[in-house]
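Hi there,

Here is the structure I promised to pass on to you. Have a look at it first, and then read my notes below.

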Amino acid sequence: MRYLRMLSNSVAAASVATAYVLVLVLNLNPALPLDHAHLTSLVTTVGLFYAVHLTVICYILLVLRQLLAREVFSPAWISVGVMVWLSAAASMAGAALMWRNLVTFALVLDEPTLTALERSLIVLAVTAVLCLVLARLRQREPEARWVWAFLLALIVGGSIGVPLALRGPGRPLVLEARPIDAPLEVTAVERSARVTVIALDAASLDLITGATAEGRLPNFGRILDAGAVRHLATLHSTSAEAVWAAVATGKLPQKNGVRSNGLYQLAGGASLQLLPNYCFAHGLERFGFLAEQSYTSATFRTRTLWSILSTDGFAVGVVGWPLTRPAPLVRGYLVSDMYHRLALTPSGIDDASALYPPELQADTLAAMEAAASEIPSVVNVSLVDEARQATPERTDRIYDRLAQMLARMRPAQVTLTRYQSLDPVGHYFLRYAMPSEFGDVTDEERRRFGSVLEHHYALIDEVIGRAMATVGPNDLLLIVSGYGMEPLGFAKRLAERVIGDPDISGTHEAAPDGFLMAYGATVAKGRRLQPRASVVDVTPTILYFLGLPIGRDMDGYARTDLFQRSFTDERPMTFIPTYDR
């Protein structure tokens, strides 16, 4: 019977801890209303997920307490003595979790949300102290248990109610007025300077410098020797959608409207924009408690680089960029990163929503079919590894073929092409590229898979070589890695082996730096890795290079330190209040 009473106490303590997680989720999603329907939906999905897992954790702790005790441990069905200690632990853990998420999402959340979150963690820290004081008082006066039970209920209730009051009933996001599509009344102007941007998901500067030092990846090596290099600070959460939205707008998520890789649908129609980190929240999606809904181009709350350049008379070409479906109007061409998923489906043949202008559909379909039919030279591919190696490479080959074809058909002054394969491949094959970081890679595994990740870097190296061959005396080539990839920590690897994917070895959860490489006649040559730049600096830098003013409402800066002094002396920096009106 005492084990059942331990279970009832575990359920009660887990309910308190779950409430703290729900408070955090609500703080990270300030637009979610605090009404009955939304709260019920939140509790029956997110709450249920955490209540079950936390009940198991609390029960294990109490059973260990029983096994290690000198006397028989037999608590009441709801024991004040047990609950006060478990509540103290839950509030301390809740405060630490809120602090970590406050630091993590500092660049993503607006000021009122950050303030509410900061005050909420203070409330939980005070709660932990009060619970410890109450535990001490109870030891001195054990007979006054009803008094201690009342005070504990008051403290715990306040620790949940006060943060909810600080958060408020919900603040609907106010969308800023802006043009839906770029008006193209301005006549196209021929300019001699061209900008080529090669955007890479999860490329690691450490892997590149190591390979180039041994004579591999020659074109990366040429840029390291003859161009400029900067570490690139990224965003947290490090999703491709949020990072490339910041790159394309020069603005942080609270201004551009893209905070994560999509919306997380709750039962009943409500949705979340952000899930907390450091508490396995993405297991909610993995185990079916939440359904992810992808963002669209309508998510942007500000204008993108291709919209700005189109209205200023520049021909632009964008290929493989996220959040570009439905494809916006541009002066040039645009192919969404969703195109390869839609074009070859029965409905996608007639649906040109991932492409602009739509009359390019026949040509792009033919190019895509030709690229998809090619069998990529994947290293030691097997049926198990097909989705992890061949599919990402095939995707990059499709968009590379489309970019080459469209560049010939419709020459543009500014082109942006994104390559995605390094991210999914890195998640599974980083361990074999960096075996010393893991310690459990066998010689056979290293022989079979050690070159898989670098094989994909070599494909990007070929793309860079072609781009360098076309760089003229007035042109600029930028290679942008929006975020890096690093080994998964030991604790996370253990957790993945138990409840996740045991083969995952690479991660970018901690927002590892990406990089920015610049190459051209006007670039200040030298392998200076400092000062550190940011993903929001890319758009202002391109605007500056093209002689356009920088929006004062942009969060990034023009990296004039990338260019030679003779170039910056002749090109003063100019500003405009905003491009959004």
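Before the sheets, a definition: two strands pair if DSSP finds at least two bridges between them. Helices (H or I, at least four residues) and strands (E, at least two) are DSSP runs, numbered from the N terminus.

This is a predicted model, in which local features need pLDDT of at least 70 and side-chain atom pairs count only at pLDDT 80 or more, while totals for chains, interfaces and linings use all residues. Residues are numbered from 1 along each chain as its sequence is written, and side-chain values use heavy atoms, with hydrogens and water left out.

**The sheets**

Strand β3 (residues 262–265) is joined to β5 by four bridges, and Q265 has A291 in β5 as its bridge partner.

Another open sheet has nine strands, and here the pairing is mixed; the order is β8-β7-β6-β9-β1-β10-β13-β2-β14. At its edges are β8 (355–356) and β14 (533–534), each pairing on one side only. Within this order, β6 and β9 run parallel and are joined by four bridges. V319 stands opposite T417 in β9.

Which strands does helix α8 lie across? Helix α8 (residues 240–249) lies across β1, β6, β9 and β10 (476–481), and runs at about 165° to β6.

**Two helix pairs**

Axes are lines fitted to C-alpha atoms, for helices over the stretch in contact, and angles run from 0 to 180 degrees between N-to-C directions. Contact means heavy atoms within 4.5 Å.

Helix α4 (residues 111–140) and helix α5 (residues 145–167) have axes that come within 9 Å and cross at roughly 175°. The two are therefore roughly antiparallel to each other (angles over 145 degrees count as roughly antiparallel, under 35 as roughly parallel, 65 to 115 as roughly perpendicular and the rest as oblique). Among the residues that meet are L130 and L134 in α4, and W148 and I155 in α5. By class, this contact of α4 with α5 has 14 nonpolar, four polar and three charged residues. Here Ala, Val, Leu, Ile, Met, Phe, Trp, Tyr, Cys and Pro count as nonpolar, Asp, Glu, Lys and Arg as charged, and the others, Gly among them, as polar.

The axes of helix α6 (residues 205–213) and helix α7 (residues 218–226) also come within 9 Å, and cross at roughly 100°. That makes α6 roughly perpendicular to α7. L205, I208, T209 and T212 in α6 meet F220, G221 and L224 in α7. Four of the residues in this contact are nonpolar, three are polar and none is charged.

**Some local details**

The bond from R325 to P326 is cis, with omega near 0°, and P326 sits in the loop between β6 and β7 (332–336). Y356 and P357 are also joined by a cis peptide bond, with omega about -5°; P357 belongs to the loop between β8 and α13 (361–373).

Lastly, look at A202, in the loop between β1 and α6. Its phi is near 60°, a positive value in a residue other than glycine.

Enjoy exploring!
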